[in-house]
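Have the sequence and the model side by side as you read.

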Amino acid sequence: MADSYDVIIVGAGNGGLIAACALSQMGLRTLLLEKHNLPGGCAASFVRGRFEFEASLHNLPYVGPGAENGDIGMLFKRFGVERKFYPIPESLHFIVDGPEPFEFKAGVGREAFARAAEAVCPGAAEAFERFTAMCDDLNRGLAALSAARGRPDPDAMAREHPNYYRLASSTVDEMFEALELPELLRDILSVFALYQCGDTSKIDAARFMLMTDSFITEGASQTDLRSFGLSTALANSARRFGCDIWYNCEVSKICTDGGAVSGVQLSDGRKICAKRVVCNIMPHLVYGRLLDPAATPVMELKKANARTLGARAFCVFLGLDRDWRELGFRDYATFINSSIKNAEIIRNGGSRESNGDMSVNVLNAVVPDASPAGTCIVYLTAMFNGDAFADVTPDNYTEIKEAYAERLIARAERVLGVDIRNHIEEIVISTPVTYARYLGTPQGAVFGYSPEDWDGMMSRNMGEQAEKTVPGLYFAGGHGARLSGFSPSYMSGFMTAMRVAGEMRGGAPA
Ligand SMILES: Cc1cc2nc3c(=O)[nH]c(=O)nc-3n(C[C@H](O)[C@H](O)[C@H](O)COP(=O)(O)OP(=O)(O)OC[C@H]3O[C@@H](n4cnc5c(N)ncnc54)[C@H](O)[C@@H]3O)c2cc1C
């Protein structure tokens with residue numbers, strides 16, 4: 001075992017695993033350190049009785065059709081990970097369970113979505129074309145940017161891709177307004193923002209459009225391997241490429257020498273040297289806890305403090321003792337919301353008392369053999385945009401989480417007309433406290449930072465190149481420039497690895 005590496009990666013979440021694969025495949029001596037005894041972070045699964053529950057992956061967008069399967073297909077192929085993708089048949093399905101009930105369901109493909117929107121909102125199909133044309137402009141701008149390897153000719157970009165720049169500082173609501181979309185179409189499209197409890201008056205338009213367009217145009221997928229299978233396969237690939245992986249190793253300090261990174265210290269006191277450290281953990285933790293205050297740029301601290309934490313999750317994992325159709329379920333995915341208005345949903349999303357909205361996912365509806373024949377796996381997930389468990393104490397924690405889970409189950413039964421309570425064979429509940437403890441994120445945030453207009457995808461990408469930070473310190477993961485989710489956190493690990501390798505081979509440091 002060497003005690004000196006080219007690169008150390010802290011955290012074996014999606015971003016850390018892909019960075020480990022890429023760096024070690026390029027021949028760099030790489031060490032991946034993970035505080036738990038298994039890889040994956042959010043991307044894990046766990047077994048209870050006859051059920052293997054997925055910890056996080058409900059919808060995998062950006063997979064893309066055909067044999068190539070987009071960015072994820074490219075990465076998995078590159079690192080030798082075999083997987084099968086199961087397409088999810090709906091692009092969007094939600095039920096408004098409030099004073100003005102409403103249901104919307106659309107299949108995959110722009111035409112299918114336009115048809116479904118036109119059926120409830122005359123004129124929506126034409127307006128939707130303006131939205132998809134803008135998505136195409138955005139994609140062309142991004143393609144030009146990536147062809148220019150992040151150093152585009154600004155005049156040519158402004159001339160050839162004006163909408164790319166127009167979107168750079170727009171919120172979702174501003175983009176809707178500029179495109180003059182009818183109100184109901186705005187409400188419908190805004191439901192995509194709820195995947196991450198996003199406030200459309202604040203979050204950046206560009207990332208929202210990429211995600212929404214991917215859900216609508218290509219659809220999302222599930223995989224045959226649960227997340228733990230994916231994460232283990234990636235860890236095995238990294239090892240095959242020569243990466244050392246140490247589990248049960250918590251990094252307690254990132255060491256610096258003369259202001260530059262010199263290695264890490266583990267919680268048991270061991271020190272390992274490396275001039276480059278890739279953090280698969282949030283800047284909040286790195287600048288607030290791991291880095292010597294004297295080596296921490298004030299600007300980075302200010303930036304971390306100025307950011308808004310992304311959604312905190314509450315999940316009920318259900319192993320039911322009947323086939324999903326027998327219990328009355330009809331769809332893979334359904335959002336149940338109290339209102340059709342994003343502003344109202346977001347207003348309610350701060351506390352347990354006001355927030356009873358959720359997404360319901362029936363895994364067997366897409367992966368038929370996800371559990372033994374005659375059983376099914378169902379997830380109920382509520383997202384909070386506030387510190388909804390701040391008032392909970394060790395004494396009342398179990399009571400509060402069970403009461404909240406009971407409330408979600410009762411509502412799902414009533415709205416979907418299904419029978420859950422009489423068929424629970426296994427039940428597991430996770431709360432923001434679970435995620436805070438497991439991932440170490442503030443308030444149990446599971447989607448990094450909220451992509452607010454000043455802190456959106458484009459500004460993070462531009463800032464990543466321009467801002468001065470600690471020499472040798474890099475980030476990868478769902479808190480990064482590509483924002484959160486499986487595909488973005490994988491891609492962030494890959495891009496960071498490319499940057500590290502490029503700099504080591506003499507490219508310009510950031
Ligand atoms: C309930 C839920 C549902 C979700 N649904 C979806 C979905 O449907 N589709 C989708 O695309 N995404 C979804 N996501 C988001 C997705 O899971 C995340 O964006 C992604 O997995 C984050 O990866 P990451 O690279 O940021 O690493 P993380 O998962 O944050 O992992 C970080 C790792 O670092 C380790 N670590 C932390 N501190 C230290 C330390 N000091 N020393 C060593 N190791 C450390 C942690 O143990 C962890 O393993 C969901 C997430 C949750 C929780």
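In strand β2, Leu32 has Ile9 standing opposite. The model is predicted.

**Strand β2 and its partners**

- Strand β1 (residues 7-10) pairs with β2 in the parallel sense, over four bridges.
- To get from β1 to β2, the chain passes through α1, and this β-α-β crossover is right-handed.
- Strand β9 (residues 244-246) also pairs with β2 in the parallel sense, over three bridges.
- In β9, Trp246 stands opposite Leu33.

**Side chains of β2**

- Which way do the residues of β2 point? Thr30 and Leu32 point one way from the strand (residues 30-33), while Leu31 and Leu33 point the other way.
- Thr30, Leu31, Leu32 and Leu33 are all buried.

**Leu31 in detail**

- Leu31 is found in strand β2.
- Leu31 counts as buried because it has 27 C-beta neighbours inside 10 Å, and the cut-off is 20 or more.
- Leaving aside neighbours within four places in sequence, Leu31 is in contact with Tyr5, Ile8, Asp244, Trp246 and Ile272.
- Ala274 is 243 residues from Leu31 along the chain, yet their C-alpha atoms are separated by 9.3 Å.

**Around the ligand**

- Which residues come nearest to the ligand? Of the 35 residues around it, they are Gly11, Gly13, Gly15, Gly41 and Gly477.
- By class, the shell has 15 nonpolar, 17 polar and three charged residues.
- Domain 1 (7-83 + 224-308 + 450-504) and domain 3 (311-442) both give residues to the shell, so the ligand lies between them.

**Gly349**

- Gly349 sits in the loop between α13 (342-348) and β16 (358-362).
- Is Gly349 buried or exposed? Gly349 is buried, because 22 other C-beta atoms lie within 10 Å and 20 or more are needed.
- Not counting residues up to four places away in sequence, Gly349 touches Cys197, Asn355, Met383, Phe384 and Asn385.
- The C-alpha atoms of Gly349 and Gly386 are separated by 7.0 Å, although the two residues are 37 apart along the chain.

Technical notes. Residues are numbered from 1 along each chain as its sequence is written. This is a predicted model: local features need pLDDT of at least 70, side-chain atom pairs count only at pLDDT 80 or more; totals for chains, interfaces and linings use all residues. A residue is near a molecule or strand if its C-beta atom, placed from the backbone, lies within 6 Å of it. Ala, Val, Leu, Ile, Met, Phe, Trp, Tyr, Cys and Pro count as nonpolar, Asp, Glu, Lys and Arg as charged, and the others, Gly among them, as polar. Domain bounds come from an automatic or database domain assignment. A residue is buried if 20 or more other C-beta atoms lie within 10 Å of its own, exposed if 12 or fewer, and partly exposed in between; C-beta atoms are placed from the backbone. Helices (H or I, at least four residues) and strands (E, at least two) are DSSP runs, numbered from the N terminus. Two strands pair if DSSP finds at least two bridges between them. A crossover is right-handed if, with the strands pointing away from the viewer, the path from the first strand over the helix to the second runs clockwise. Two residues are in contact if their C-beta atoms, placed from the backbone, lie within 7 Å.
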